[in-house]
Amino acid sequence: MRQESVGVTEALLASAKKEFMEHGFHDASLRRISADSGVSTNSIYTRFGDKAGLFKAVVSPVAEELMTYYLECVESAEESAEAIIAMQTGDQGTDQVLSYIYEHFDIFYLIFCCSFGTEYEKYFDRLAKIEESYYRKFADKYAKHPEQIGDFFIHVVCRTGWQYIYEVVSHKIPYEEAKRFMANIKQFNFAGWRAVFDGK
């Protein structure tokens, strides 16, 4: 019975993922998910509470794993003894985050593009706030004139940093092309932050 239940849940989550990908959360239909998976709508409500609970079940394991991993990357960069090492560590973290996102591309497409009306519509904001907090500390620690680097500047630049990720996902850019794009972005950002930190 336990194996049968696991198989039913997997079929249901696969059908739900397909429905959310095609229609987004708002327009997704539990009836279509039920028909496709062979699981009754009553069973869906029993298992997940509502459509938002089903969406969460589809995306949460991957979403929370990335959040944990990203925090580890940020903390590693924050512990660096020199600015150049911190920036290089941050660049490596960007590469690894991008790789993880592409390993679970459909899930992150759902989060970034199809999650309006769920708690995950704020996921982008959570990531950006983590980056803002890190760069505020980074500026205070390494910049020649940290008082000249305003919180609003950091806020906008850090949100823009995650916007790059959103763009490659929302446009379904192939991974190799996305890597080249992000390599250019890293080079661009490295030069910009170095100039800002040097007070030039």
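Before we set off, one term: a helix axis here is a line fitted to C-alpha atoms over the stretch in contact, and the angle between two axes runs from 0 to 180 degrees between their N-to-C directions. Keep in mind, too, that this is a predicted model.

Start with helix H5, residues 83–103, and helix H7, residues 123–142: their axes come within 11 Å and cross at roughly 160°. Angles over 145 degrees count as roughly antiparallel, so H5 is roughly antiparallel to H7. The crossing of H5 past H7 is left-handed. On the H5 side, the contact is made by Ala83, Ala86 and Met87, and H7 answers with Tyr134, Phe138 and Tyr142. What classes do these residues fall into? In the contact of H5 with H7 there are 6 nonpolar residues, with no polar and no charged ones.

Now follow H7 over to H8. The axes of H7 and H8 come within 8 Å and cross at roughly 135°, which makes H7 oblique to H8. Here the crossing is right-handed. H7 brings residues including Phe124, Glu131, Tyr135 and Arg136 to the contact, while H8 brings, among them, His155, Arg159, Trp162 and Tyr166. By class, the contact of H7 with H8 has 9 nonpolar, 2 polar and 6 charged residues.

The structure holds 1 cavity of 30 Å³ or more, and the largest cavity has a volume of about 480 Å³. Its lining is made of 27 residues, and Gly90, Asp91, Thr94, Glu131 and Tyr135 are the ones nearest its centre. Which helix gives the largest share? That's H5, with 7 residues. Sorted by class, the lining of the largest cavity has 19 nonpolar, 5 polar and 3 charged residues.

Last stop: the largest pocket, with a volume of about 170 Å³. There are 14 residues lining the largest pocket, and Ile111, Phe112, Ser115, Glu121 and Phe124 lie nearest its centre. At least two lining residues come from each of helix H6 (105–113), H7 and H8. The lining of the largest pocket divides into 9 nonpolar, 2 polar and 3 charged residues.

Note on methods
Residues numbered from 1 in each chain as written. Predicted model: local features only at pLDDT ≥ 70, side-chain atom pairs only at ≥ 80, totals over all residues. Heavy atoms only, no water. Helix = DSSP H or I, 4+ residues; strand = E, 2+ residues; numbered from the N terminus. Parallel < 35°, antiparallel > 145°, perpendicular 65-115°, else oblique. Left-handed = near helix turned anticlockwise from the far one by under 90°. Contact = heavy atoms within 4.5 Å. Nonpolar A, V, L, I, M, F, W, Y, C, P; charged D, E, K, R; others polar. 1 Å grid on protein atoms, 1.4 Å probe; cavity = no way out; pocket = protein on both sides within 12 Å on 5 of 7 lines; lining within 4 Å. Points joined across faces, edges and corners; volume = space filled by probe spheres on them.
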